[in-house]
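Here is a short tour for someone meeting this protein for the first time. Keep the sequence and the 3D view open while reading.

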Amino acid sequence: MDRLHRQTASCLFLVSCTVWAHAAAPVARDGPAPPIRIVYFVTSDRAPIAGFQERLDRVMTEVQRFYRQGMQTAGYGPKTFGLDRDEQGRLRMDVVSGKHPMRSYGRNDAGRVREEVKTALAARGIDVDRQTIVIFQTLLAWEGGRAIEIGPYVGGGDQRAGTAWVYDDERLDARLLGSREPGGYYGRPCSVGEFNSHYIGGVAHELGHAFGLPHDCQRVADRARGLSLMGGGNHTYGQELRGEGPGSFLTAASAMLLAYSRPFAGEQAAPPRRPSGCLCELDARFAGGKIVLTGEVIAEPPAFGIAAFNDWAEIPADYDAVSWTCPVADDGSFRLEVGELRAGASQLRLRVCRTDGTSSQYAFDYRVDAQGTPDLTSFLSRLPLAEAVGAYAAGDRRRAAALAAELQRRFADTPDVRRKAAHLETLLKPRPPRGLAELPDQAGPVSVSDVRFRTATVGWGRPLFDEVLIEPPDQCFLQVGGQFFERGLYAHAPARHELVLDRKWRRFQTSYGLQDGHDGSMVFVVQDDGRELFRSPTIREHVLPSDSRFSNGAFESVLWVLSGSGAGDGRKPIECSCAMVAGRAACSLFRTGVGPSRAGVGPRRVAAHAETGALGRGPAGAGGSAR
Ligand SMILES: [Zn+2]
């Protein structure tokens, strides 16, 4: 949920807004929406910036107006977040004195700043973890007419609570948005009005992240409305006041995610049970240049709409994810149209929105050919595959086998689905792992999925081989970057896996990556007999590195470690660091005394060089000794 703020790529597509009559009854609220809290964080070497009370009141009142207008246009009425005001109507702020001078805070110090704020406000009886807060920081410096960004400028949160980190500056003032006077700076000298577009737009954008909004991009059809606030719109905010363009707007998808959030819809007591949602029917066709999805959702509390984000893989990050929406009818049915398809790989993320402000996400990877025709297999196979996995998870082996067989018939021309269904059949017939000494003495690699470990501990769940923990989104397959692997290990960091090799094995080959569908981060480490052979950089993206090969004359023992790297940039702590180890030849061991050996490679060297022996290249069982 945490988002970096300063994107440079501006979106190529502009958006529209559609008014939906949403029928689902909202979850009853137990009280009015709590106002968002404004914190003023002053570093130890600076004083509050002149006029901050009145200026920031005007800034927040302007941002409040922007959201109100966006919600109204999207069909939800003039809803916006609340601000806490005193008897005279002035914005209440919590001033917090920072412990350190300005230059001691860096761009990645969101966690440090928030920790100081949290401690200071706790002493005043305020728990910042339970509310949405905006922290204005004196962390923008001026040098020779240039504005230098010193501190963090980000936002993160969900429909209940979150934090936005932004700057105060003496030029920051909603009254100056229309000014064409020089005196501003953003990457280059600019008008004071443009300075405010960037930095008030930034407040609105980071606050959007604090409300749990993802990035999105406006549609081509909506170009006339300007840029999406959660795309490039933080840089065009209010530019219409200077006649420099159409400005920024709140997309229908953002409005949908906000409609029943706590700051917009009101307080709710703890729900009687965990919200749940299920996409229980899904059909896809291609018509009129659009993907048309129809289906049914069962959700508790009821779903009222679907926000969809169509993210093209050619552009990294998600600022270009064009958003689309549709209502969910009382009977759970929906019809969603996704247009403006782009040739190549894309991911469509559906957020099914419930009336308590929560949502469930379903992601579909698909491709569009050069003629603009999408491959709809991932939409069509998703639910049947999930049904088969569900039967497997429930222990209904006969049904799982029947569904897997049916999938292989129905999707005979779709290798990915066919392979997954066949793999499910393999998982239905597990064989106990064997000790390395019990394996037949033959040439070729051995998949470590087949052998018993001396140690296999994980931070969550249990050590898994050739499958992953079955969690939403309802799949059990090892998959990284959209690529499916039959063989491999799945572990939740922190994890340790150790094999005793007794100098009978000379090479260990693997890839490693972050399982698709899980946020998190990890570091992959390989040791032999206490000596570290390899340490990966921190992995946050769902990308599989090329095979890593670790050669030694003979391994004493080999241990690999996955460590979750925690909170990262000091923003919201990462709660789930899921990781997998896999590879084309799975995670394999090669014996000593068989085939060409590179015994000369020292134990400390990471052997990433080509060693083209008889590598197991095939899918399951490539190394012999299949389970
Ligand atoms: Zn952002």
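## Two loop residues with positive phi

Start in the loop between strand 22 (464-465) and strand 23 (478-480), where aspartate 466 lies. This is a predicted model. Aspartate 466 is not a glycine, yet its phi is positive, about 65 degrees. Is aspartate 466 buried or exposed? Aspartate 466 is buried, because 24 other C-beta atoms lie within 10 Å.

Glutamate 340 also has a positive phi without being a glycine; the value is about 55 degrees. Look for glutamate 340 in the loop between strand 17 (333-338) and strand 18. Glutamate 340 has 16 C-beta neighbours inside 10 Å, so it counts as partly exposed.

## The protein as a whole

The protein has 627 residues, and 47% of them are buried. Its secondary structure comes to eight helices and 33 strands. Take the contacts with a separation of 6 or more: 73% of them link residues 24 or more positions apart.

Strands of a sheet pair through backbone hydrogen bonds, either parallel or antiparallel. Here, four strands form an open sheet in the order 16-15-18-19, and the pairing is antiparallel. Which strands sit at the edges? They are strand 16 (322-327) and strand 19 (359-368), each of which pairs on one side only. From one strand to the next, the twist averages 20 degrees.

Strand 18 (residues 344-354) pairs with strand 19 over 10 bridges, in the antiparallel sense. Within this pairing, cysteine 353 has serine 359 of strand 19 as its bridge partner. Helix 4 (residues 252-259) lies across strand 15 (303-312), strand 16, strand 18 and strand 19. Helix 4 runs at about 140 degrees to strand 15.

## A cis peptide bond

Glutamate 300 and proline 301 are joined by a cis peptide bond, with omega about -5 degrees. Proline 301 has its place in the loop between strand 14 (290-300) and strand 15.

## Two helix pairs

Two packed helices are described by the angle between their axes and the distance between the axes. Take helix 7 (residues 397-410) and helix 8 (residues 415-427): their axes come within 8 Å and cross at roughly 155 degrees. That angle is why helix 7 is roughly antiparallel to helix 8. The crossing is left-handed. On the helix 7 side, Ala400, Ala401, Ala404, Leu407 and Gln408 make the contact. They meet Val417, Arg418, Ala421, Ala422, Leu424 and Glu425 in helix 8. The contact residues divide into eight nonpolar, one polar and two charged.

Now turn to helix 1 (residues 52-73) and helix 3 (residues 192-210). Their axes come within 10 Å and cross at roughly 60 degrees. Helix 1 and helix 3 are therefore oblique to each other. Their crossing is right-handed. Helix 1 brings Val59, Glu62, Val63 and Phe66 to the contact, and helix 3 brings Ile200, Val203, Ala204 and Leu207. By class, the contact of helix 1 with helix 3 has seven nonpolar, no polar and one charged residues.

## A hairpin to finish

Strand 5 (residues 140-143) and strand 6 (residues 146-149) run antiparallel and are joined by four bridges. Tryptophan 142 stands opposite alanine 147 of strand 6. Two residues lie between the strands of this hairpin, and glycine 144 takes a positive phi near 55 degrees there.

Technical notes: Residues are numbered from 1 along each chain as its sequence is written. This is a predicted model: local features need pLDDT of at least 70, side-chain atom pairs count only at pLDDT 80 or more; totals for chains, interfaces and linings use all residues. Two strands pair if DSSP finds at least two bridges between them. A residue is buried if 20 or more other C-beta atoms lie within 10 Å of its own, exposed if 12 or fewer, and partly exposed in between; C-beta atoms are placed from the backbone. Two residues are in contact if their C-beta atoms, placed from the backbone, lie within 7 Å. Axes are lines fitted to C-alpha atoms, for helices over the stretch in contact, and angles run from 0 to 180 degrees between N-to-C directions. Angles under 35 degrees count as roughly parallel, over 145 as roughly antiparallel, 65 to 115 as roughly perpendicular and the rest as oblique. A crossing is left-handed if the near helix is turned anticlockwise from the far one by less than a right angle, and right-handed if clockwise. Ala, Val, Leu, Ile, Met, Phe, Trp, Tyr, Cys and Pro count as nonpolar, Asp, Glu, Lys and Arg as charged, and the others, Gly among them, as polar.
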